[in-house]
Amino acid sequence: MAPAAKKATKKSIESINTRLALVMKSGKFTLGYKSTLKTLRNGKAKLIIISGNCPPLRKSELEYYAMLSKTGVHHYAGDNIGLGTACGKYFRVGVLSIIDAGDSDIIEKQA
């Protein structure tokens, strides 16, 4: 049973990575904690993605702001290094907010 579950998890990670790459090419987004809070307070964020190793206090604060602004939250399975790589960046990304998905269907699939 364990290999099948591992394969399903890997496939879901790959699908969000491909959708995230499409957002990076054609959509609007902000990277980082402070800019994500700004987009949440302004009501511009459609979806926020939080890395797996984000500190619990920061994660709960982001979830609270997302709940107030009726924004979807996705918990990324990997850590902040993997999220940065999925975004096509050479640095760590703890949190990102998607303002406009562009050609991607990430908001419908993840929220």
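A nonpolar core is a set of buried Ala, Val, Leu, Ile, Met, Phe, Trp, Tyr and Cys residues joined through side-chain atoms within 4.5 Å, where buried means under 20% relative accessible area, exposed over 50%, and partly exposed in between (1.4 Å probe, protein chains only). The structure is a predicted model, in which local features need pLDDT of at least 70 and side-chain atom pairs count only at pLDDT 80 or more, while totals for chains, interfaces and linings use all residues. Residues are numbered from 1 along each chain as its sequence is written, and side-chain values use heavy atoms, with hydrogens and water left out.

**Exercise 1. Find which residues of the largest nonpolar core touch the most other members, and which elements supply this core.**

Step 1. The largest nonpolar core has 16 residues, and those that touch the most other members are Leu 20, Ile 49, Leu 83, Leu 96, Ile 98 and Ile 106.

Step 2. At least two residues of this core come from each of helix H1 (2–26), E2, helix H4 (80–86), E4 and helix H5 (106–110); helices (H or I, at least four residues) and strands (E, at least two) are DSSP runs, numbered from the N terminus. H1 gives the largest share, 4 residues.

Step 3. Apart from this core lies another one, of 10 residues, including Leu 40 and Val 95.

Step 4. As a general background, nonpolar side chains tend to be buried together in soluble globular proteins.

**Exercise 2. Describe the faces of strand E2 and determine in which sense E2 pairs with E3 and with E4.**

Step 1. Within E3, Val 73 is the bridge partner of Ile 48.

Step 2. Between E2 and E3 the chain passes through helix H3 (residues 56–68), and this β-α-β crossover is right-handed; that is, with the strands pointing away from the viewer, the path from the first strand over the helix to the second runs clockwise.

Step 3. With strand E4 (residues 95–100), E2 pairs in the antiparallel sense over 4 bridges, and within E4 the bridge partner of Ile 50 is Val 95.

**Exercise 3. Decide whether Leu 40 is buried or exposed, and list what it touches.**

Step 1. Leu 40 has its place in helix H2 (residues 33–42).

Step 2. Leu 40 counts as buried because its relative accessibility is 3%.

Step 3. Leaving out residues up to four places away in sequence, Leu 40 touches Ala 45, Ile 48, Leu 62, Tyr 65, Ala 66, Ser 69 and Thr 71, contact meaning heavy atoms within 4.5 Å.

**Exercise 4. Locate Arg 58 and Lys 70, and state how exposed each of them is.**

Step 1. Arg 58 is in helix H3, and with a relative accessible area of 36% Arg 58 is partly exposed.

Step 2. Lys 70 is in the loop between H3 and E3, and with a relative accessible area of 77% Lys 70 is exposed.

Step 3. The phi angle of Lys 70 is near 55 degrees, which is a positive value in a residue other than glycine.

Technical notes:
Two strands pair if DSSP finds at least two bridges between them.
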